[in-house]
Amino acid sequence: MNKTFRFGLMLLVLVLIGLNMRPLLTSVGPLLPQLRAASGMSFTVAALLTALPVVAMGGLALAGSWINNHVSERNSVALSLLMVVAGALMRELAPQSVLLLSSALLGGIGIGIIQVVMPTVIKRLFQRRMPQVMGLWSAALMGGGGLGAALTPWIAAHSDVWHRSLAWWALPAVIALIGWWPQSKSLAQEEQKAASTRVRITIHPRAWTLGLYFGVINGGYASLIAWLPPYYIQLGASAQFSGTLLALMTAGQTAGALILPMLARHQDRRKLLLFALCLQMIGFCGFIAAPLHMSIFWAVICGFGLGGAFPLCLVLALDHSPHPVIAGRLVAFMQGIGFIVAGLSPYLSGVLRTISGNYLMDWTFHAVCVAGLMLLTLRFVPAHYPQEWIEKI
């Protein structure tokens, strides 16, 4: 098997794995009114169905160094996919709040581990095409989220028991596992070379800045996947339309994740990041000012900005070191802090919904956050990237 063909198969496997990173989150929103009615959950508790897995992703990312030192990349991804399978299958049972929250936590742990491993794998195997491959990986994440939002209501409508539609998302995880196991054999040698690398990421202010930046951007995404369908249902839309709207938003994310990294031909990522943030601002302002007019446009344009910003943030962190392990540790730390911040967002949105009786306060909050991110983006000048951690190998 030649090198090009082997890398092509690995790209396909990465896409299959990426497709499983979001359906566990996005499949809940379109069925949230039914889940709340069946389980008796409040809006605040229901928000935990999205918040818990996102916070779990952050916690596992912070433990990335320990995971990399004690569990091989091959085994960690395989075990994580099994967790996603188990989390989805738990939803086959009765829609009880304890079971639903447990499935969200278990799946979030599995997703978090995979998201720790993949940036290092991509940096090592696809050094010359790293922004493009990171964009492809991110697009798969977003595309999987869109499938979860769009197909779940349709599956529920054609199922004898509606809540069993949530369990069908175990199937693509099984397929990804079957693809990953034979293709990941070649990673062992590179892992052994990197096993002795030690680096202290937490002492650098830039690492914390990147974590906050990543978290606030993904906080907008987390709130949208949790509350955009209920927002439009409250405005009078059907569950199918609201789920389709979320799917279109994630289709925009997929396009943004593919297209914007392809334009990243220079190490200065600020122009593309500012463009992505401007699109997010337009989307949130549209949800506030005219949600029933051009609703598809607001969803797609906001999704394009969110989708483009996600891989650009990962590439921005990877740019800070030429060493794959150091860059991977920095990305893991950034995701750790970021996903914990992002995980608080849908919970805060649920609180704001309870206080205000609508979602306008939440969308306004995120628009203000985007304005702050635009100012922070100006600080990411490549010439000012810290170099100290390169000396700590």
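**Salt bridges, aromatic rings and buried residues**

Arg270 counts as partly exposed, because its relative accessibility is 22%; here buried means under 20% relative accessible area, exposed means over 50%, and partly exposed lies in between (1.4 Å probe, protein chains only). The model is predicted, so local features need pLDDT of at least 70 and side-chain atom pairs count only at pLDDT 80 or more, while totals for chains, interfaces and linings use all residues. Residues are numbered from 1 along each chain as its sequence is written, and side-chain values use heavy atoms, with hydrogens and water left out.

**Salt bridges**

- Arg270 forms a salt bridge with Asp268, the closest N and O atoms being 2.8 Å apart; the term stands for a side-chain nitrogen of Lys or Arg within 4 Å of a carboxyl oxygen of Asp or Glu.
- Asp268 is partly exposed, because its relative accessible area is 34%.
- By this rule, the count of salt bridges comes to three.
- Another of them joins Asp319 to Arg269, with the closest N and O atoms 2.7 Å apart.
- Asp319 lies in the loop between α14 (295-318) and α15, and Arg269 in the loop between α12 and α13, so this pair ties together parts that are 50 residues apart in sequence. Helices (H or I, at least four residues) are DSSP runs numbered from the N terminus.
- Both Asp319 and Arg269 are buried.
- The side chains of Glu92 and Arg164 also meet in a salt bridge, at 3.2 Å from N to O.
- Glu92 sits in the loop between α6 (73-90) and α7 (97-125), and Arg164 in the loop between α8 (130-157) and α9 (170-183), so the pair ties together parts that are 72 residues apart in sequence.
- Glu92 is partly exposed, with a relative accessible area of 32%, and Arg164 is partly exposed at 38% relative accessibility.

**Aromatic rings**

- A search of the whole structure finds 14 aromatic pairs, where rings of Phe, Tyr and Trp (its six-membered ring) pair if their centres lie within 6.5 Å, and planes under 30 degrees apart count as stacked, over 60 as edge-to-face and the rest as tilted.
- Among them, Tyr231 and Tyr232 form an edge-to-face pair, with 5.2 Å from centre to centre and 70° between the planes.
- Tyr231 is buried, because its relative accessibility is 3%, and Tyr232 is buried with a relative accessible area of 1%.
- Phe297 and Trp298 form an edge-to-face pair as well, with 5.3 Å from centre to centre and 65° between the planes.
- In this pair Phe297 is partly exposed, with a relative accessible area of 40%, whereas Trp298 is buried at 14% relative accessibility.
- One aromatic cluster is formed by Trp227, Tyr231, Tyr232, Phe241, Phe284, Phe287, Tyr359 and Trp363.

- Ser349 lies in helix α15 (residues 324-356) and is buried, because its relative accessibility is 1%.
- If its neighbours within four places in sequence are left aside, Ser349 is in contact with Ser223, Trp227, Asp362 and His366, contact meaning heavy atoms within 4.5 Å.
- Thr250 is found in helix α12, and this residue is buried because its relative accessibility is 1%.
- Leaving aside neighbours within four places in sequence, Thr250 is in contact with Met142, Gly145 and Gly146.

Technical notes. Helix = DSSP H or I, 4+ residues; strand = E, 2+ residues; numbered from the N terminus.
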